[in-house]
Amino acid sequence: MEGNTGCRSLEPKDLSAYKECFDNSPLAFCVIDVLKDSDGKVVDFAFVYLNKVLADLEGKHMEDLWGKHFYQIFDNTDVKWLDFYGSVAYGGQSNTFDEFSPEINKCLHISCYQISNGRCGCLLTDITDKKEMEALLELQMKYSFAVSVADLSMWEYDIENNRVIIPHGRAGSIAIERYGLSGHEIDGFPNSIGRHSRIATNWRELTAAQKELASGKPVVSGEVWYRKDGEKTMRCDKVSYSVTCGADGRATRAYGVGCDITAFKKATQHYEKKLAKFLQSCSTAAFYCRLDLTKDLCMEAAGSSACFTDALAS
């Protein structure tokens, strides 16, 4: 079967041409022979030319790559390269693709084209930073959408300067409206949020939270009851902070998220009161039964318990 079973050196004139074009190029470039076994299966590829930029990209010296087989050089190799390069070297078509290279832990943009049967030229560009930024932006978009749907409030806490920063956008607007804040930057914590609370215990909780944030505790959370000016109804938020630290290990900034759980808290309190009333009735009934009183007294106790059961159900 026609194809390469071993690495072939470049003709001197071809090598001279590649060196003239690519030795000083800022782009990583190589020429590879795609190798087949005796059954015609693509099994490896070898570098017959490369410039220093490509060697640096691969994290190797040029002499460690030149003339060597790829799958003999690198650990953690991926067989996907055989399909990519084999289809070009033997198919005669050029190909451009973005792929993660586990061998060097980088994401690469690769353009390759056939030079001759079984041989192709490849231009490689490190796009790891670009891909990471794209992934981060996509994550931020998904997070922002989730926040808007969930009706969450968000803010940042500058621990070093003791300043609360409310971001622009829906989540920041919710925080300003919900807590009745006066602007996007507010000095002093817990005053920035705690001043709207009329429950004294919250001041102690917020002060304790401030100390935990400053200590660098990764996650700080709690519940805050508050009431904005002009409102009669108390509200409750579940508040969570995620803390980031600087290079020196000190806490520098925390990101806060608030979720209104007022309805849940009120429902819980409502059923807790009913449950307590029901349990009290059950205890009273059991007490009279244990006294082993007359049948009438026991029946009366049972009737009392039934009444309380009906009351709980209502």
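Between which two strands does the loop that holds Asn-105 lie? I located Asn-105 in the loop between strand S3 (95–101) and strand S4 (106–116). Helices (H or I, at least four residues) and strands (E, at least two) are DSSP runs, numbered from the N terminus.

I worked on a predicted model, in which local features need pLDDT of at least 70 and side-chain atom pairs count only at pLDDT 80 or more, while totals for chains, interfaces and linings use all residues. Residues are numbered from 1 along each chain as its sequence is written, and side-chain values use heavy atoms, with hydrogens and water left out.

**Entry 1: backbone at two asparagines**

I looked up phi at Asn-105 and found a value near 55 degrees, positive in a residue other than glycine. Most residues other than glycine have a negative phi. I then checked accessibility, for which buried means under 20% relative accessible area, exposed over 50%, and partly exposed in between (1.4 Å probe, protein chains only). Asn-105 counts as exposed because its relative accessibility is 55%.

Asn-162 is in the loop between strand S6 (153–158) and strand S7 (163–165). Its relative accessibility is 24%, so Asn-162 counts as partly exposed.

**Entry 2: strand S6 and its partners**

I noted that S6 and S7 form a hairpin with four residues between them, and that Asn-162 is in the turn. S6 and S7 pair in the antiparallel sense over three bridges; two strands pair if DSSP finds at least two bridges between them. S6 also pairs with strand S11 (residues 251–260), in the antiparallel sense over six bridges. I followed Tyr-157 to both partners: Val-164 is its bridge partner in S7, and Ala-254 stands opposite Tyr-157 in S11.

**Entry 3: Lys-80**

Is Lys-80 buried or exposed? I recorded Lys-80 as buried because its relative accessibility is 16%. Lys-80 belongs to helix H5 (residues 80–91). Its side chain makes a polar contact with the side chain of Glu-99 at 2.9 Å. A polar contact is a pair of N or O atoms within 3.5 Å; within protein, one must be able to donate a hydrogen and the other to accept it, and residues adjacent in sequence count only if both atoms are side-chain atoms. A polar atom of the Lys-80 side chain also lies 2.6 Å from the backbone oxygen of Phe-100. With neighbours within four places in sequence left aside, Lys-80 is in contact (heavy atoms within 4.5 Å) with Glu-99, Phe-100 and Pro-102.

**Entry 4: nonpolar cores**

I searched for nonpolar cores, meaning sets of buried Ala, Val, Leu, Ile, Met, Phe, Trp, Tyr and Cys residues joined through side-chain atoms within 4.5 Å. The largest has 31 residues, and those with the most contacts inside it include Ile-32, Phe-47, Trp-81 and Leu-124. Among the elements that give two or more residues to this core are strand S1 (28–36), strand S2 (42–50) and strand S5 (119–126). H5 gives the most, with seven residues. A second, separate core of 21 residues includes Ile-166, Ala-175, Ile-186 and Val-224.

**Entry 5: cysteines**

I searched the whole structure for disulfides (cysteine sulfur atoms within 2.5 Å) and found zero. For Cys-120, which is in no disulfide, the nearest cysteine sulfur is that of Cys-122, 4.1 Å away. Cys-120 counts as buried because its relative accessibility is 0%. Cys-245, at 41% relative accessibility, counts as partly exposed.
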